[in-house]
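Hi everyone, thanks for having me. Please take a look at the model on the screen, and then we'll walk through it together.

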Amino acid sequence: MKKCQVVLKSGRRRSCSTSSSMITNVRYGECQKNHAANIGGYAVDGCREFMASDTEGTTGALTCAACGCHRNFHRREVETEVACEYT
């Protein structure tokens with residue numbers, strides 16, 4: 001499992017006293033659905049990255065265009081960036 005990475009963009013080592021903003025980017029990586037689970041084996045389809053099959057806000061946005069699996073079967077990668085502004 002990959003850990004979240006927090007990046008503080010600041011030259012000083014103080015806590016944020018005035019304002020801070022957090023940017024979270026979520027990306028879905030390779031498909032991890034086990035297609036051979038019903039026969040007791042392990043086989044993945046080789047899909048390397050989730051690509052939505054329809055526009056956001058529709059039910060097709062949760063289905064991968066490459067492998068046809070639901071987005072939950074793809075590995076979730078979260079990158080968090082915290083930017084602090086000092087006065």
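Let's begin in the middle of things: the largest nonpolar core has 6 residues, namely Tyr 28, Cys 31, Cys 47, Phe 50, Cys 64 and Cys 69. By nonpolar core I mean a set of buried Ala, Val, Leu, Ile, Met, Phe, Trp, Tyr and Cys residues joined through side-chain atoms within 4.5 Å. Buried means under 20% relative accessible area, exposed over 50%, and partly exposed in between, using a 1.4 Å probe and protein chains only. In soluble globular proteins, nonpolar side chains tend to be buried together.

A quick word on the source: this is a predicted model, where local features need pLDDT of at least 70, side-chain atom pairs count only at pLDDT 80 or more, and totals for chains, interfaces and linings use all residues. Residues are numbered from 1 along each chain as its sequence is written, and side-chain values use heavy atoms, with hydrogens and water left out.

Now, is His 74 buried or exposed? His 74 counts as buried, because its relative accessibility is 4%. You'll find His 74 in strand β3, residues 74–85; strands are DSSP runs (E, at least two residues), numbered from the N terminus. Leaving aside neighbours within four places in sequence, His 74 is in contact (heavy atoms within 4.5 Å) with residues including Tyr 28, Cys 31, Cys 47, Phe 50, Cys 64 and Cys 69.

Finally, the whole chain: it reads β-β-β along the sequence, and 17% of its 87 residues count as buried.

Notes:
Helix = DSSP H or I, 4+ residues; strand = E, 2+ residues; numbered from the N terminus.
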